[in-house]
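Hi,

Here is the structure I promised to pass along.

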Amino acid sequence: INVIFDSKIDSKVTFLYKKNNVEVYIKREDLLHEYISGNKFRKLKYNILEAKKQNKKTLLTFGGAFSNHITATAYVGKLFGFKTIGIIRGDELAKDLEKTLTTNPSLQFASKQGMHFEFISRTEYRNKTTPNFIKKLQAKFGDFYLVPEGGTNQLAIKGCTEILTEKDTIFNYITVAVGTGGTISGIINSSKKHQKIIGFPALKGDFLKTKIEKLTNKEFTLINEFHFGGFAKINEELIRFINDFKEKYSIALDPIYTGKMFFAIDKLIHKGYFPENSKILAIHTGGLQGIKAMNSQLIKKKKLLLQE
């Protein structure tokens with residue numbers, strides 16, 4: 001475990017471009033590991049160490065049908081000898097499991113790692129954090145180590161504080177996509193006084209601000225206008241941006257998180273949001289398995305595809 005989750009590991013920082021006297025750099029957290037990449041690597045690190053410390057044999061977690069967290073947990077569980085259980089939102093997926101696994105790259109991958117799936121209705125899924133629901137899971141599956149949806153808990157935030165290092169103090173803006181709030185909370189907690197942290201939520205709504213404020217005690221900014229209609233919602237403009245980015249810089253962006261973040265950065269620079277001579281460090285949080293998953297949906301709709 002200590003070899004994979006090296007406490008001194010740092011990811012590569014690359015200069016991308018300069019526009020309107022603003023420099024944009026990318027921190028390649030996506031390169032940390034092929035299957036446990038980006039923020040999933042950081043979030044799972046201390047949770048896996050804690051599960052081992054507690055002598056747990058099973059990891060149980062939650063996610064949607066195309067969840068990066070589900071695939072990462074399935075892989076890390078197999079790697080370190082845990083049984084894994086995924087509580088998946090959408091009981092309709094269980095009606096023809098063979099078809100679901102054939103058409104869903106994310107669940108197919110997790111299944112190959114040995115993850116057992118429990119498909120539940122969207123109504124049930126809303127109760128996933130309640131004590132009664134957890135008791136029912138314990139009655140059914142026995143003792144397990146619970147990893148929250150998206151992996152966010154205090155141990156995950158601890159892992160995410162390791163994203164920024166002393167080398168990154170030269171940047172005055174740090175940007176990151178936001179899902180459950182754990183990654184940005186870790187970054188906020190380890191940032192320096194002169195650094196401004198900007199998060200780009202992938203979900204609609206202002207509820208994340210309150211949640212993140214409970215996890216950190218420093219200032220941060222959330223910009224909510226680049227979610228493209230909500231979680232996992234995309235359009236051709238975003239697809240073309242992501243494909244152009246890949247051609248220009250040979251770097252793939254996922255359509256759920258990092259693609260929207262870089263789209264936002266580009267638009268904000270154009271609008272003059274960042275002062276001249278700003279240095280932006282954009283965190284690439286991985287999630288690239290989401291490209292294949294999204295394309296499986298776009299093919300059905302005969303839409304423009306993302307480059308893989």
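At the start of α4, N104 puts a side-chain oxygen within 3.0 Å of the backbone nitrogen of S106. Helices here are DSSP runs of H or I with at least four residues, strands are E runs of at least two, and both are numbered from the N terminus. Before going on: this is a predicted model, where local features need pLDDT of at least 70, side-chain atom pairs count only at pLDDT 80 or more, and totals for chains, interfaces and linings use all residues. Residues are numbered from 1 along each chain as its sequence is written, and side-chain values use heavy atoms, with hydrogens and water left out.

Just after α4, G114 has a positive phi of about 95°.

Now α2. A side-chain oxygen of S67 comes within 3.1 Å of the backbone nitrogen of H69 at its start. In α2, 10 of the 12 residues are buried, so the helix is largely enclosed by the rest of the structure. Those buried residues pack against α1, β3, β4, α4, β6 and α12. After α2 comes G81, with a positive phi near 80°.

Cheers

How values were computed. Buried means under 20% relative accessible area, exposed over 50%, partly exposed in between (1.4 Å probe, protein chains only). Contact means heavy atoms within 4.5 Å. A polar contact is a pair of N or O atoms within 3.5 Å; within protein, one must be able to donate a hydrogen and the other to accept it, and residues adjacent in sequence count only if both atoms are side-chain atoms.
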